[in-house]
Amino acid sequence: MNSDSFSAGERLVSAPYLRQGAQARRAHEHLIRVLLEQGKCPEDGWDESTIELFLHELAVLDSNNFLSNCGVGEREGRVASSIVARRHYRLIHGIGRSGDIAAIQPKAAGSSLLNKITNSIMLDIIKLSGVRTVASCFVVPLATGMSLTLCFLTLRHERPKAKYIIWPRIDQKSCFKSMITAGFEPVVIENILEGDELRTDVKAVEAKLQELGAENVLCVHSTTSCFAPRVPDRIEELAVLCAKYGIPHIVNNAYGIQSSKCMHLIQQGARLGRIDAFIQSLDKNFMVPVGGAVIAGFNEVFIQAISKMYPGRASASPSLDVLITLLSLGTSGYKQLLRERKEMYTYLLSELKKLAEVYSERLLDTPHNPISLAMSLKNLEEQSGTTVTRLGSMLFTRQVSGARVVPRESVQTVSGHTFTGFMSHSSDYPCAYLNAAAAIGMKKQDVDLFTKRLERCLRDLRKESNYAGNVLARENAKQATELDMGELTESLQEVLPAETTANLSSAGAL
C-alpha cells in the first residue's frame, strides 16, 4: 500500500497501529531499493516475506497482470493452470526479445527488471568468488553443454574459416558434444600422467596449433572443474598460448565458482594471457534446479555478442531460481557455504584415506584437484574386471549417488569418436578407481553415510573373494591328492606282480 492507502485505512484502524505497520513495510521497501540502486547481492539474506513482496511487485509490472489489459497477440502471458502461474509468481513473459536474450521487453517491465538485477547480482558473486576483473555475465536458460555451444557459434562469425577446436581430453559427454553440435571438429589432446595426476600436455596443444594453422582453429576449449585423477587444465599456460597465437579461449568452469582455486586459475589466465569466456552451471554452484548456466567474460562486447546469438525469448525460471536463492543466502550465507565445502573436502579426504588403508588401497595423490578425490581399486581389479563395476552397482542400489567407479580400458564411442579408457580421461590410466566429490551443500553426515556404505560394500566383496579363494584352494588340494594317488598306483603296478595289484585293486586298495 502507498501512503494514500494507509491514510485511508486510518478511518478503519487506529492511526498509531497503521503507522507501525507502514514503518515495517518501509523496512522491506528499503532493502528492495538498496538492491536496485547498488545491483549487488545483499550481505545478509532476506526473509521470505521480503523476497515474495519483491517478486509480486515485479509481477504487477508485466502486462499480463494489468487489471485492464487487453491482449490480442499470440504471446500475452496466458496461463491455463493457476498452479503454474503461482509457481512462477505470475512472471510469465520470460526474458529477452527475439534478437537478444538481454533486451528489455516492452510488455514485461517486471520480468526485464528481474533479468537485469539477476545478472548484476551474479556478476557481484563471481567477483566475490575470486574473478575480480570479470567485466560482464548473463544467466542463460541452458545447461553447461548448450551454453558452450552458444559460445562456439558466436565465435564462428569472428573466425569463419576455422573448423577445429583444440580440447585437452576430459571424459564428459556434454563437453565433447557441445563442439560437435556447433559443427566443429574436436581435436583431442591426451593428458599426461604426473604422479597420480592427469595434467594438460601444453606442448602437444602448441604443436597441434602449429600443425593446423592458427586461422583454422576456432578456439582452445579448456576445463577447470573435473573428476580426479584429472586435475584442472593449466589455464594460465593455455591462456598465454592463446594470446601468443591469437586464438580464442573458452573455459568450461562447470562447478568451479565454488572453488577459490578454480576461480584463481581463471583470474590469473585473464591477467597473463587470453580468456574470452568462462561458463558455469547454476545447479552445481548455487543449488537450484538443473537448466541454467552463467556465461561470463572479460570483454563486455564479446559477452553481449553471445547474448545476441540466443534466438528468441528465453525462460525466466533459471534467473528466478538463482535470484531467490542468492537473496535468501546473501553474500554472508554464500561465503559460509564455500567455507563449509572446503571443510568437507578435507574431511572426505581424511575418511577416504583411512578406508583405503584398511582395504590395502590408497587415496590417489591429486592435490591440484580442489573438489574431487579418487581411491584406487587395485585389489578388486585383481579379482576380476566385473568386480570393479559391481562395486558401482552395489553403491547405486544402496542409494549412494554421485560416486563413480571407473574400470580400466572401457571403450565408448561418442558422436563418432572412440575413447579408450572412457571415464578415466586417459587411454591407459594405471589402475581402476572410485571417485567422490566434496561439492557445495555437502554435510558431514553425507560423508559419514557414504564411507559407511562404501565400507560395507568393500567388506562384502572381500568376503566373497575369500570364500572363492577357499573354494579354489580346496579344489586344488583335492586335485593334488588325486594326482598323488594316481602316481602311487602307477608306481606299485611297476614293482608288484600283476596278480597282486589286480587283487589290491579289486579290494579297493588301489
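How many residues does helix α10 have, and how far does the helix reach from its first C-alpha to its last? In this predicted model, helix α10 covers residues 260-272, which makes 13 residues, and its reach of 18 Å is close to the 18 Å expected at 1.5 Å a residue.

- The buried residues of α10 are C262, M263, L265, I266, Q267, Q268 and G269.

- An open sheet of 3 strands has antiparallel pairing, and its strands follow the order β10-β14-β11.
- Because β10 (372-376) and β11 (404-406) each have a single partner strand, they stand at the edges, and one side of each is left without a neighbour in the sheet.
- When direction is ignored, neighbouring strands of this sheet are turned by 25 degrees against each other on average.
- The pairing of β11 with strand β14 (residues 433-437) is antiparallel and extends over 3 bridges, and V406 has Y433 as its bridge partner in β14.
- Helix α13 (residues 317-358) lies across β10 and β14, and it runs at about 0 degrees to β10.

**Aromatic rings**

- A search of the whole structure finds 8 aromatic pairs.
- One of these is formed by W46 and F54, whose ring centres are 6.0 Å apart and whose planes meet at 75 degrees, so the pair is classed as edge-to-face.
- Why do W46 and F54 count as buried? The cut-off for a buried residue is a relative accessible area under 20%, and W46 has 7%, while F54 has 2%.
- F176 and F419 also form an edge-to-face pair, with 5.2 Å from centre to centre and 85 degrees between the planes.
- This pair links distant parts of the chain, since F176 lies in helix α7 (residues 173-181) and F419 in strand β13 (residues 417-420), 243 residues apart.
- Both partners count as buried, F176 at 3% relative accessibility and F419 at 3% relative accessibility.
- F176 and F419 belong to one aromatic cluster, which they form with W167 and F422.
- A ring can also face a charge: the charged end of R404 sits over the ring of F227, 3.9 Å from the centre of that ring.

- Is V217 buried or exposed? V217, which lies in strand β6 (residues 217-223), counts as buried because its relative accessibility is 0%.
- Leaving out residues up to four places away in sequence, V217 touches R159, A162, Y164, I166, L209, L212 and I247.
- From V217 to V388 the separation is 171 residues in sequence and 40 Å in space, taken from C-alpha to C-alpha.
- K163 is placed in the loop between α6 (144-158) and β2 (164-168), and with a relative accessibility of 43% this residue counts as partly exposed.
- Apart from neighbours within four places in sequence, K163 is in contact with F184, E185 and N216.
- Although K163 and C219 are 56 residues apart in sequence, their C-alpha atoms are 9.5 Å apart in space.

Technical notes:
Residues are numbered from 1 along each chain as its sequence is written. This is a predicted model: local features need pLDDT of at least 70, side-chain atom pairs count only at pLDDT 80 or more; totals for chains, interfaces and linings use all residues. Side-chain values use heavy atoms; hydrogens and water are left out. Helices (H or I, at least four residues) and strands (E, at least two) are DSSP runs, numbered from the N terminus. The expected span of a helix is 1.5 Å times one less than its number of residues. Buried means under 20% relative accessible area, exposed over 50%, partly exposed in between (1.4 Å probe, protein chains only). Rings of Phe, Tyr and Trp (its six-membered ring) pair if their centres lie within 6.5 Å; planes under 30 degrees apart count as stacked, over 60 as edge-to-face and the rest as tilted. A charge sits over a ring if NZ of Lys or CZ of Arg is within 6 Å of the ring centre and within 35 degrees of the ring normal. Two strands pair if DSSP finds at least two bridges between them. Axes are lines fitted to C-alpha atoms, for helices over the stretch in contact, and angles run from 0 to 180 degrees between N-to-C directions. Contact means heavy atoms within 4.5 Å.
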